[in-house]
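Colleague: I have the structure open and would like to go through it with you. Could we start with the charged pairs and then move on to the rest?

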Amino acid sequence: MHNHNTDVVVVGGGNAGYCAAHAAAERGRRVVLLEAAPRDQAGGNSYYTIGSTRMVHAGLDDLLGILEPDERHARTQVPPYPAAEYLADLERVTAGRLDRELAEAVVNDSRDTVGWLHALGMRFRLMYERQAHQGADGKYLFWGQSHVCTVDGGPGLMADHERIASRLGVEVHHGCPVTKLITDGDAVVGVRSGDREFRAESVVIAGGGFEANTEWRRRYLGEGWQHAKVRGTPYNTGEAIHAALEAGADRGGDWSTCHSVPWDASYPENESNRTLTNRLSRYGYPLGILVNRQGRRFLDEGADFRNYTYAKYGKVILEQPGAVAFQVFDATTRAMLAAYEYDMPGIRPIVADSLGELAAAMDIDVDGFVRTVAAFNASVDTSRPLDPTVKDGRSASAHPVKSNWASAVEMPPYYAYPVTCGISFTFGGLRGNTAGQVLDPSGAPIPGLFACGEALGGLFSGNYPTGAGLAAGMVMGRRAGSLA
């Protein structure tokens, strides 16, 4: 057995783990970060994101100090996002099933934490391609409350983290999965990885959830979840969470639900794709309709901005026959889709000049699909103008109702995009407090043990607002590292 002594061990090399490492290293602590993946697969789920970071702010003027220069800023309007609205959004999308103290900590610290990371060298910009619409006057109007992302998305986020960690003296080991925590009485005093022991005063669990563990998905999420596509790293298998539970930690959060999204079903390599990362997502459904193999609509595509529905609609798609569905657009709405996703290299949309031909090419119930579209088109409220920047109330009264952004599917050619369920991360994890300390079943902190990121349960349940995950990892990682 090879022993290594240090002050702090961070288990997991994603966004949250690096934030914990930075915060501890800034205090003069000797920090070792252990990442299960080999070097060429590093970055955790964070690498696969677009870098969206939901944060409190007072509008564009408040953000300019952390943003990279961009000539479009002079033609941009960004509405403020106050703390009360952020917290209300978290409570609304989770139906109140969240740890309010954790949520308040994330919300209240979000702006300051992003500023801290920027001061360390993290680069941020406005998310023009995903969260803004450009008007005829050339001005950009932002919507959806998650306005900021990291430069170069997830790969840029992790490159910045690695550069910061190197400057701060963090020692990083790749290919080091942690399978056991070392304890002394009630305290955690280190970890074991293979034939190596890393002894430390504190251990921070930041190794993600268990979405890449097929057995655990079936056990905790339910039958059928084995068919979901893993969007991010294949190394988030729950081993670090399991090691903490064996050491006496309590489970926290909702272990029965997860973040799951509409995901490309036709691309051959649509799991853990480090080249395309987030471009396999298909989030344009509010502008079109979504049908299953029977040709039927099965959800309200316009219930809310996609920022507040996309993370729960993957589950609904998984429940459809064959765990697949089709996003359908006509020539008018197809022109409004984000090029980032719908002009992705290698994408294979189904295109036809009639609805019957489109259904036949999709290999779905032709008559059922044609009836569905006809009923939908006839029910669209054309008295309201289409406005993607607000919940415009332009509805369709067909069943199920489409609450906003309803447009008749009537202008050929017609386009269909096959989608399935892409699982991002699981909502259940370890139980912790606002300092990032892991708690035992009695509610007492376990000495020397912390958690952050997707390994920390309690913030999300059933649904999720865009950008809250990276923000939570930043805030709680910093809090854990500030005490570890």
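Modeller: Glu-162 forms a salt bridge with Arg-39, and their closest N and O atoms are 2.8 Å apart; a salt bridge here is a side-chain nitrogen of Lys or Arg within 4 Å of a carboxyl oxygen of Asp or Glu. This is a predicted model, in which local features need pLDDT of at least 70 and side-chain atom pairs count only at pLDDT 80 or more, while totals for chains, interfaces and linings use all residues. Residues are numbered from 1 along each chain as its sequence is written, and side-chain values use heavy atoms, with hydrogens and water left out.

Colleague: Which parts of the chain does the pair Glu-162 and Arg-39 link?

Modeller: The pair links distant parts, 123 residues apart, with Glu-162 in helix H6 (residues 153-168) and Arg-39 in the loop between S3 and strand S4 (52-53). Helices (H or I, at least four residues) and strands (E, at least two) are DSSP runs, numbered from the N terminus.

Colleague: How many salt bridges does a search of the whole structure find?

Modeller: The search finds 29. Among them is the one between Asp-7 and Arg-30, whose closest N and O atoms are 3.2 Å apart. Asp-7 lies in the loop between strand S1 (2-5) and S2, and Arg-30 in the loop between helix H1 (15-26) and S3, so this pair ties together parts that are 23 residues apart in sequence. Asp-7 counts as buried at 10% relative accessibility, whereas Arg-30 counts as partly exposed at 47%.

Colleague: Which residues are linked in a network of salt bridges?

Modeller: Arg-54, Asp-89, Arg-92, Asp-304 and Lys-391 are linked in such a network.

Colleague: Changing topic, what is the strand order in the open sheet of six strands?

Modeller: The order is S10-S3-S2-S14-S24-S23, with mixed pairing, where two strands pair if DSSP finds at least two bridges between them. The edge strands, each pairing on one side only, are S10 (171-174) and S23 (437-439). From one strand to the next the twist averages 30 degrees.

Colleague: And how do S2 and S3 run?

Modeller: Strand S2 (residues 8-11) and strand S3 (residues 31-35) run parallel and are joined by four bridges, with Val-9 standing opposite Val-32 in S3.

Colleague: What about the largest nonpolar core, and which residues have the most contacts inside it?

Modeller: That core has 122 residues, and Leu-181 and Ile-205 have the most contacts inside it. A nonpolar core is a set of buried Ala, Val, Leu, Ile, Met, Phe, Trp, Tyr and Cys residues joined through side-chain atoms within 4.5 Å. A second, separate core of 20 residues includes Phe-326, Ile-350, Val-380 and Tyr-414.

Colleague: Last one: at what angle do helices H4 and H14 cross?

Modeller: The axes of H4 (residues 100-120) and H14 (residues 468-483) cross at roughly 85 degrees and come within 8 Å; axes are lines fitted to C-alpha atoms, for helices over the stretch in contact (heavy atoms within 4.5 Å), and angles run from 0 to 180 degrees between N-to-C directions. That makes H4 roughly perpendicular to H14, a term covering 65 to 115 degrees. The contact includes Trp-116 and Leu-117 of H4 and Met-474 and Arg-478 of H14.

Note on methods
Buried < 20%, exposed > 50% of the residue type's maximum accessible area, 1.4 Å probe, protein only. Parallel < 35°, antiparallel > 145°, perpendicular 65-115°, else oblique.
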